[in-house]
Each structure stands twice: as structure tokens, then as C-alpha cells.
Amino acid sequence: MKKVLVIDDSALMRRVLSDIIENTNEYKVAYTANDGIEALSVIEEYDDISVIFCDIVMPRMNGLELLKVLKYKNVDIPVVMFSSSKDTKDTITALELGAIEFIKKPEKVLGQTNTFFEKRVHNALKIAEDIVANSSLKVASHCDSGEIEMPIRTSSHSTTVKRLVALVCSTGGPSALQKVIPLLPSNLAAPVIVVQHMPAGFTATLAERLDDLSKIKVKEAADGEILKNGVVYIAKGGTHLTVSEDTHVPRIKFDDSPPVVGLKPFGNIMYNSLQGLSYDEIVCVVLTGMGEDGTKGILNLAVHKDIYVIAQDEASSTVYGMPRAVKERGLTDCVCDINKIADKITKKVGVL
């Protein structure tokens with residue numbers, strides 16, 4: 001059985017979480033710790049830990065401080081963060097520091113209200129398993145040397161060409177976005193719309209953080225606003241983002257249809273909405289994430305529009321699911337390291 005380390009200063013929470021984890025019959029909570037300092041001793045002593053579940057608010061060394069230390073020490077064990085804190089900044093910080101998932105603690109630790117929490121824990125274990133299974137198979141792309149992998153389409157780079165950048169990401173996305181958005185120029189000659197799989201209440205903080213780090217303007221998308229060049233629009237958590245046009249003026253339009261495979265916003269819904277727009281070319285960008293969101297939408301979009309597809313490579317992806325899917329369908333024009341994607345976008349759409 002795979003071994004798990006649970007870190008929390010509450011003995012009751014450690015017990016509840018251990019029961020949920022061990023109900024899978026695949027994982028065993030072999031180690032526990034009261035705080036980050038104790039956890040570091042466990043991590044240094046044992047090399048068979050498959051997953052770490054860690055609280056944020058703890059004495060001596062909290063969860064965010066522990067994540068920073070693990071990142072500094074290049075510890076590559078998947079870490080799932082959980083907390084009762086309502087501070088969305090803590091969530092975004094944890095994800096930026098490399099946590100693979102963030103789970104909010106239930107208000108009542110015991111009782112039937114834990115059903116949703118239990119599902120989130122089991123889903124986090126699946127994410128961790130996927131990360132571990134693929135980590136030894138990662139292969140870097142040659143695209144970061146400037147060579148375009150699998151060229152499919154070509155298009156002119158005229159300043160009169162009207163372009164839109166449409167990006168999707170999921171697990172590992174907040175960290176990946178920090179390596180893309182801040183490197184885009186403020187005068188980028190296209191709007192950028194971003195679908196990051198994230199529940200309601202967190203994307204405003206994500207947008208604010210990215211805006212603080214970037215020269216380009218970054219904001220949470222608002223229903224009805226006009227898309228403008230040199231602005232990044234983050235889809236609002238808990239709401240599908242689409243784009244519609246009235247007299248060739250593209251506007252954000254919220255779609256309150258149900259979640260797709262539990263996800264809202266969903267990338268395929270966003271891509272499908274772009275089919276009838278007046279943009280000459282859509283630059284589609286697919287970053288790290290589980291599943292295949294984005295692939296069907298891009299396939300459908302390719303029938304109606306000229307597209308150019310950039311995918312994150314396996315070596316730099318936290319989870320090589322979404323980029324792999326779009327690549328395996330033969331849709332990618334470029335597969336490259338996360339640190340090269342902003343440059344690829346900029347060179348493709350140009351500046352004003």
C-alpha cells in the first residue's frame with residue numbers, strides 16, 4: 001500500500017483524514033506530524049512517502065512555510081493542502097508553491113456532511129497517483145530551442161490580422177500561469193482569455209496576484225465586457241466563460257449551464273463559443289492539467305477558424321493530461337517548456 005504523511009496540529013483531524021484515505025484500500029497513513037518542523041524530520045528520515053496532506057494553520061512552521069522549504073530542497077512528493085481558512089490568498093499561494101490540490105476543511109469534522117470532503121480527498125489521491133506515474137516518463141520537447149514541433153498550419157504575421165489567445169489549464173495551472181502571464185508584454189496585439197479550473201471565490205485573487213506580477217493588465221472576467229488587446233481575462237470560478245459578438249464587437253458572456261465532469265469553468269465550452277467570431281486566427285494554448293479538456297473544443301474550432309496550437313511539454317507539466325491529449329490528436333503546432341510559452345505567444349500575435 002502507498003504510504004501517506006498527514007500533517008495537522010489537530011489529532012481529531014488527523015484521525016478523520018486517515019480514515020478517509022485508508023478507505024481507498026490503496027493508501028495507508030504511515031506517518032503523521034503536528035507541524036511543519038516535525039514533518040520535515042519525517043520526510044528526511046523516510047523515503048517511501050507517496051503523498052503528503054498538510055494543513056495550513058499550524059504552530060512553529062505552518063503549511064505555506066513548509067511548502068517553501070520543500071520547494072527549496074527540491075522534494076518532489078505531491079502535496080495536498082487543506083485548511084478551514086477562508087483566506088483565498090492562502091489557497092493561491094499554496095498552489096503557486098506547488099501544491100497539487102487545495103481542499104477546504106468541512107465545518108463539521110464528524111458526520112454525513114463529510115461526503116463532499118471525502119470525495120475531494122479521494123480525487124486528490126488520484127491526481128497524486130497520476131503525477132507519480134508520469135514523473136519517470138517525462139521527456140522534454142525540442143521546441144524550446146526555437147524549432148517548431150509537428151508544423152501543421154502556417155499563417156501570415158500581418159499587423160492587420162485580428163487574433164485572440166485562448167488558454168486552458170488545470171492542475172498545476174496557477175504555478176504555470178505565473179511563468180507565462182508575467183512575461184507577456186503590455187502592448188500584446190491580442191486579448192487573452194484564460195480558463196483555469198477553479199471553484200467560485202478564488203479567481204479574483206488569482207487575477208489580482210497575476211496583475212501585480214505582470215506588465216500586461218490581468219483581471220477577472222466580467223459579464224458583458226468588451227475584449228481589448230493587451231488584457232488578460234481570467235474566467236470567473238464557478239461560471240463558464242464564453243465570447244459572443246454584436247456588430248463585430250467581442251464581449252465576455254457568462255454561461256451558467258451545469259458543470260462538465262465536475263468542472264466550471266470548462267475549456268471546451270469556451271473554445272466552442274469562439275467558432276463564429278470575427279477573429280482571423282485563434283491562438284490556442286493548453287497547459288498542465290488532468291483529463292482532456294480543451295481537445296474537443298479545439299477540434300471543433302479548427303473546422304471554423306484558422307488556429308495555432310501551443311501545448312506545454314511533458315517535462316514541465318505538473319500533470320501531462322490536457323497537453324498530451326491535444327498533442328496526440330495531432331493538433332499542436334508547437335510543444336515547448338513552460339518558460340518558453342510566453343515568447344511563443346508574443347512572437348505569434350505580435351505587439352501594437
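This is a short walk through one protein model, from its overall build to a few single residues.

Before anything else: the model is predicted. Please keep that in mind for every value I mention.

Let me start with the whole chain. The secondary structure comes to 11 helices and 14 strands. The radius of gyration is 21 Å, close to the 20 Å that the globule rule gives for 352 residues, so the protein is as compact as a globular protein of that length. If you draw a box along the principal axes, the C-alpha atoms fill roughly 65 × 40 × 35 Å.

Of the 352 residues, 53% count as buried. The protein exposes about 15,600 Å², and carbon and sulfur atoms supply 50% of that area. On the charge side, there are 40 positive and 46 negative side chains. The centres of those two sets lie 3 Å apart.

Next, the cores. The largest nonpolar core has 60 residues, and Leu5, Ile52 and Leu287 are those with the most contacts inside it. Helix H11, residues 338-349, gives this core its largest share, five residues. Apart from this core lies another one, of 30 residues, including Leu241, Val243, Val326 and Val335.

Leu5 is worth a stop. Leaving aside neighbours within four places in sequence, what does Leu5 touch? Its contacts are Tyr31, Thr32, Ala33, Ala39, Val42, Ile43, Ile49, Val51, Ile52 and Phe53. Ile52, then, is a contact of Leu5, and both are on the list of residues with the most contacts in the largest core.

Is Val335 buried or exposed? Its relative accessible area is 2%, which is under the 20% cut-off, so Val335 is buried. For a sense of distance, Val335 and Gly36 are 299 residues apart in sequence, and their C-alpha atoms are 37 Å apart in space.

Now to helix H7, which covers residues 203-213. Which residues of H7 are buried? They are Thr203, Thr205, Leu206, Ala207 and Leu210. These buried residues pack against two helices, H4 (88-96) and H6 (173-177). They also pack against strands S7 (192-196), S8 (217-220) and S9 (231-234).

Thr203 has 1% relative accessibility and counts as buried. Leaving aside neighbours within four places in sequence, Thr203 is in contact with Met198, Glu220, Ile234, Ala235, Lys236 and Gly237. Lys219 is 16 residues away along the chain, and its C-alpha atom is 9.1 Å from that of Thr203.

Ile131 has a relative accessible area of 13% and is buried. Where along the chain are its contacts, once neighbours within four places are left aside? Ile131 is in contact with Pro78, Ile100, Thr318 and Val319. Pro78 is 53 residues away along the chain, with 7.6 Å between the C-alpha atoms of Pro78 and Ile131.

Last, some backbone details in the loops. The peptide bond from Lys264 to Pro265 is cis, with omega near 15°. Pro265 lies in the loop between strand S11 (249-255) and helix H8 (267-272).

Then there is Asn74, in the loop between helix H3 (63-72) and strand S4 (79-83). Its phi is near 60°, a positive value in a residue other than glycine. At 66% relative accessibility, over the 50% cut-off, Asn74 counts as exposed.

Thr247 is another non-glycine residue with a positive phi, about 50°. You will find Thr247 in the loop between strand S10 (240-246) and S11. Thr247 has 65% relative accessibility and counts as exposed.

To recap, this is a predicted model with 11 helices and 14 strands. Its largest nonpolar core has 60 residues, and another core of 30 residues lies apart from it. Among the details to look up on screen are the cis bond from Lys264 to Pro265 and the positive phi of Asn74.

Conventions
Residues are numbered from 1 along each chain as its sequence is written. This is a predicted model: local features need pLDDT of at least 70, side-chain atom pairs count only at pLDDT 80 or more; totals for chains, interfaces and linings use all residues. Side-chain values use heavy atoms; hydrogens and water are left out. Helices (H or I, at least four residues) and strands (E, at least two) are DSSP runs, numbered from the N terminus. The radius of gyration is taken over C-alpha atoms; the globule rule is 2.2 Å times the number of residues to the power 0.38. Buried means under 20% relative accessible area, exposed over 50%, partly exposed in between (1.4 Å probe, protein chains only). Accessible areas come from the Shrake-Rupley method with a 1.4 Å probe; for residues, only the protein chains shown count as cover. Lys and Arg count as positive and Asp and Glu as negative; His and the chain ends are not counted. The place of a charge is taken as NZ of Lys, CZ of Arg, CG of Asp or CD of Glu. A nonpolar core is a set of buried Ala, Val, Leu, Ile, Met, Phe, Trp, Tyr and Cys residues joined through side-chain atoms within 4.5 Å. Contact means heavy atoms within 4.5 Å.
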